[in-house]
Amino acid sequence: MDLVSVKGLSKRYGGIVALSEATFSARGGEVHALLGENGAGKSTFIQILSGAVRHDGGSILVDGQDYRPANPDAAQARGIAAVFQELSLIPDLSVEQNIWFRHEPRTWLGTVNRGEMRRKTLALLERYDFPALRPDQELRRLTLAERQIVEIAKGLAKDPRILILDEATSALPAREAEWLLKLTRQLAAEGRLVIFISHRMAEVRAIADRLTIFRNGATVAAHEANAVSDNEIVTQMIGRHLDRLYPERVATATDRIALRVKGFSSGSRLSGVDFALREGEVLGVGGLQGHGQRELFQALFGATRASGAIELWGKPTSIGNPRQALTGRDGIALVPEDRRGQGLLLTKSVRENLTLSVIKRFTENGLLSRQKEAALVKAMVDFLRIKAGTPEQLAGTLSGGNQQKVIFGKMLLTEARVLLLYDPTRGVDVGTKGEIFQLMRDLAAKGYAILFHSSDMPELVHVADRVMVMRNGRIAATLEGALISEEGILGAAMLETRAA
Amino acid sequence: MSAAERPLEMAQGPAEMKPSKVAIDWRGRLLDRAPFLVACLMLALIIGIYGSLQSGVFTLDELNLDTAAAMTLMLAATGQTIVLVRGGIDLSIGGMISLGTVIAATRFTDDPSTTALWALIILALGFVIGALNGLLISLLKLQPFLVTLATWSILNGVAMIILPTDGGSIPGWWVGFASAQLFGVTSPVWMLLVLVLFWWWFRATSIGTTIQATGSNEKSAFLSGVSITRVNLVTYGLSGLFAAGAALFLVTQTGAGSPTIGKDYILPSVAAAVIGGVSLFGGRGHLAGTLIGAFVLTLIGNLVFVLHVSSYWQPVASGVILLLSVLASSVAEKAARNRVQ
């Protein structure tokens, strides 16, 4: 009998469907891989299983019994523990306090029995041959990799029948990742079910008995691992998109370099990024989420610090803060990720939003020229076809697509010709998406240079002239021409061997 | 190719693992305790100056006197410390202290059983009102600052309705509690000892650890199965309970009720905790630091007195000390962070 059996599972967050038709079944004693693109619904699925969120519809059976955990405690009571990617550890507690948190051995006074806790910790670490850890060290003194290992110990401390590993190897160095794979097999041999999520195909291949593929919140296929090829898996993860969404791609890039970045590094998230963005070019930035794309954009805009060299239009520049990045025709402008939080003042009018950061442009002798401002605003509203009653309408009352157009207008009014677009179509309706892509191509034709990140792969494939794929804070590959495809991007992002 | 045949391929991770058995990280531990150590240093300095200006400072009598002077603040600050470690703040203790004193001043009688009953009612009221704060914060997802500001105002108003001006009376035998002696040591000093023992026990209990963990990282705590609502309920409930306790002690010092006196303890309770190294961001700090901070704030009053300067210098000095300790902890925090990276 299946240990876990899931049918028609669904979950909505407001208007967004995170999971619609998830099915899943797995037996005890197997390693079951869960695969899917970013946003395919894997995270929601394991959050439901581990009791962190509750599902709206569908059924879960564990051991043939109905399962609907109210919270992580209830999930643990049924023998399900999760090792989260977003770690569930407490920075101000020690390693052993974290491992046994809420399950500490106690004395008659209700206090923690420290001797017993130490003994149990050492026994646990020994039993599973853990890499060296100091039980008494405070968690916030540990490296990311060490924390990940503590998180695994915490999951095992509950002696679960079902252990969920959510990208647990991604933070680990090679030796420790290998240990974890061995551990995973050991756990399966003990009769437990391990649900394993990883974006590294080689790992999945090395340890998974079976795999289930998610796409757009639904299960698309489940396979015995040795009965399916890498290519089939990738194809099923991507699916087929039929769209007339994208404008014709006309090569408008010149030989002039607008932005050159050399050896760009920032903490552990960006290491040694090199690239050149040309005038008239749309350069895509892709890869799996969390591999340095956000950090790259923020660092280029001066919002976070990075080392390395930047040249703008052939001149060496340093960007210490966003104000420096914005200045003039040789500057950089950003369409940020968080439209409502960073890009737009929702309680201000369309006019004010457009002109707030360029107020100097229509100030003469310290006085604001209202006519000049009105003319510029009108030109921009017309050019972008912003659907607002009047320029005085509050930005917060516009649709998502029109809000995004206001941000584009704001960015264009800075006159900067290097544009950083971070997921500019997120939460934008399909019609406006098409307009935004057309606008990007039009701007490129006018000589703007555009760096474009999208969490939606087809957008990169159909809009960008070239696509850089990031992995672990580096450029893993730069795809051009016919090589730009979803398979190519996902391949470079996931399959180590195919990286250029 | 089957799973077994395929070699393992893995990306190079970001960092090499640290070696396991290293010597105890003394410098790290010292840095962790730096704010507390700075508070101890300040207290020693103040006692030193005070002792050099005034005779008889290093006597049991002086200890009895100063502890009695500090005890109301210490009790209020104990509750505040629990809330701060949770990552919140409780302004309503001001209202609760006022309310406690006016109820005591209007209800306490010479009959011990009536008085004891009302003392229990005041304590229970403190816990219930505090728990209500916690419940509001959780269920309405409101800022602790705003919720407790509102309850402070409400409690203050109720106190005014019960007793519009300072007055009422406290039976002499209740007032006598504060000077009762055992082995030459008065009850406030024994209470101080009980507070220290309470914290030693409380921090190691399940609820104590859970409160600290929730203050350290609420989301992680939730993912570990903690009920945030229950944590808030207990945290603010305890804070209200200690505020009520502070009121019951305060009336032994004033011998009367006051509908406005509580506000004098709101910010000092936070200041005492911060001087003692409790983090305003939650998760870190101990009552020992808070108690030392309360002593520092109290002794500054004595110092200003023996220096024969205007008593208005007391808040000035308190502010400077608060700034210094905040500075000390931020410097230590930075040093500790640099070591980790």
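Figure 1. Of the contacts in chain A between residues at least 6 apart in sequence, 68% link residues at least 24 apart. The model shown is predicted. Chain A contains 17 helices and 22 strands. Of the 500 residues in chain A, 48% are buried.

**Figure 2. The largest nonpolar core.** This core has 236 residues. A:Leu420, A:Ile450 and B:Ala247 are the residues with the most contacts inside the core. Helix H11(B) gives the most to the core, with 15 residues. From chain A, at least three residues come from each of domain 1 (4-238) and domain 2 (257-498). In soluble globular proteins, nonpolar side chains tend to be buried together.

**Figure 3. Surroundings of A:Ile450.** A:Ile450 is one of the residues with the most contacts inside the largest nonpolar core. Leaving out residues up to four places away in sequence, A:Ile450 touches A:Val282, A:Leu283, A:Leu419, A:Leu421, A:Met440, A:Leu443 and A:Ala444.

**Figure 4. Helices H3 and H11 of chain B.** H3 of chain B covers residues 60-86, and H11 of chain B covers residues 228-254. The two helices pack with their axes 8 Å apart, at an angle of about 175 degrees. Because of this angle, H3(B) is roughly antiparallel to H11(B); angles over 145 degrees count as such. The contact of H3(B) with H11(B) has 15 nonpolar residues, eight polar residues and one charged residue.

**Figure 5. Helices H9 and H11 of chain B.** H9 of chain B, residues 206-216, packs with H11(B) at an angle of about 110 degrees, and their axes are 10 Å apart. H9(B) and H11(B) are therefore roughly perpendicular to each other, as the range for this class is 65 to 115 degrees. On the side of H9(B), the contact is made by B:Ile207, B:Thr210, B:Ile211 and B:Thr214. On the side of H11(B), B:Ile228, B:Val231, B:Val234 and B:Thr235 make the contact. By class, the residues of the contact of H9(B) with H11(B) are five nonpolar, three polar and no charged.

Figure 6. B:Ile93 is found in helix H4 of chain B, which covers residues 93-107. Leaving out residues up to four places away in sequence, B:Ile93 touches B:Ala76, B:Gly79, B:Gln80, B:Ser239, B:Ala243, B:Tyr265, B:Ile266 and B:Ser269. B:Ala76 and B:Ile93 are 17 residues apart along the chain, and their C-alpha atoms are separated by 7.2 Å.

**Figure 7. Positive phi at A:Arg102.** Most residues other than glycine have a negative phi. A:Arg102 is not a glycine, and its phi is positive, near 75 degrees. A:Arg102 lies in the loop between helix H3 (95-99) and helix H4 (114-127) of chain A. With 16 other C-beta atoms within 10 Å, A:Arg102 is partly exposed.

**Figure 8. Positive phi at A:Asp129.** A:Asp129 has a positive phi of about 55 degrees, although A:Asp129 is not a glycine. The loop that holds A:Asp129 lies between H4 and helix H5 (144-157) of chain A. A:Asp129 counts as exposed because it has 10 C-beta neighbours inside 10 Å, and 12 or fewer place a residue in the exposed class.

Key. Residues numbered from 1 in each chain as written. Chains lettered and ligands numbered in written order. Predicted model: local features only at pLDDT ≥ 70, side-chain atom pairs only at ≥ 80, totals over all residues. Axes fitted to C-alpha atoms, helices over the stretch in contact; angles between N-to-C directions. Helix = DSSP H or I, 4+ residues; strand = E, 2+ residues; numbered from the N terminus. Parallel < 35°, antiparallel > 145°, perpendicular 65-115°, else oblique. Nonpolar A, V, L, I, M, F, W, Y, C, P; charged D, E, K, R; others polar. Core = buried A, V, L, I, M, F, W, Y, C linked by C-beta atoms within 7 Å. Buried ≥ 20, exposed ≤ 12 C-beta atoms within 10 Å, placed from the backbone. Domains from an automatic or database assignment. Contact = placed C-beta atoms within 7 Å.
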